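User: Hi! I'm new to this one and would like a friendly tour. Can we take it a piece at a time?
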Amino acid sequence: MITTAIVLLLLAAVFGLYMAARIFGGQLPPWFAVIVHGLLAASGLLVALYAVFTGSQTTVLLFGAVLLVIAALGGFYMFSFQLRKLAPPKPVVIIHAGAAVIGVLCLLANAAGMA
């Protein structure tokens, strides 16, 4: 189950990198990328949370899930800028990406049996 969450989140990261490049290039990301990124990330987060709440609880997995929830909140905030046709603040993009990367690394550590 954690592997499914990791795959979904890594696919979301591909779209996230593309969108971040567009934002740092001074352009808004296309709606297709925004929607696909959000759907993949939300699906990955839900699978990870399901794993946490059905018994696969380790400290690292729980910490990763919390970071992914924080990243999701940042994603909702940035989505509000997309709706207003404005570029989100670059520090928010960095914090969102950082929380997501560390969260996925925690899931990877759990899946690899390192935690």
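This is a predicted model: local features need pLDDT of at least 70, side-chain atom pairs count only at pLDDT 80 or more; totals for chains, interfaces and linings use all residues.

User: Is K85 buried or exposed, then?
Analyst: K85 counts as exposed, because its relative accessibility is 67%.

User: And where is K85 found?
Analyst: K85 belongs to the loop between α3 and α4. It comes just after α3 and has a positive phi of about 60 degrees.

User: Let's move to α3 itself. What should its 25 residues span?
Analyst: Helix α3 covers residues 59–83, and at 1.5 Å a residue it should span 36 Å. Its end C-alpha atoms are 36 Å apart, so the two values agree.

User: Nice. Which residues of α3 are buried?
Analyst: The buried ones are L61, G64, A65, L67, L68, A71, G74, M78, F81 and Q82.

User: What covers them?
Analyst: The cover includes α1 (2–24), α2 (31–53) and α4 (90–111).

User: New topic: H96. Where does it lie?
Analyst: H96 is in helix α4.

User: Buried or exposed?
Analyst: H96 is buried, because its relative accessible area is 16%, and the cut-off for buried is under 20%.

User: What does H96 touch?
Analyst: Leaving aside residues up to four places away in sequence, H96 touches H37, A71, G74, G75 and M78. Among these, A71, G74 and M78 are also buried residues of α3.

Technical notes
Residues are numbered from 1 along each chain as its sequence is written. Side-chain values use heavy atoms; hydrogens and water are left out. Helices (H or I, at least four residues) and strands (E, at least two) are DSSP runs, numbered from the N terminus. The expected span of a helix is 1.5 Å times one less than its number of residues. Buried means under 20% relative accessible area, exposed over 50%, partly exposed in between (1.4 Å probe, protein chains only). Contact means heavy atoms within 4.5 Å.
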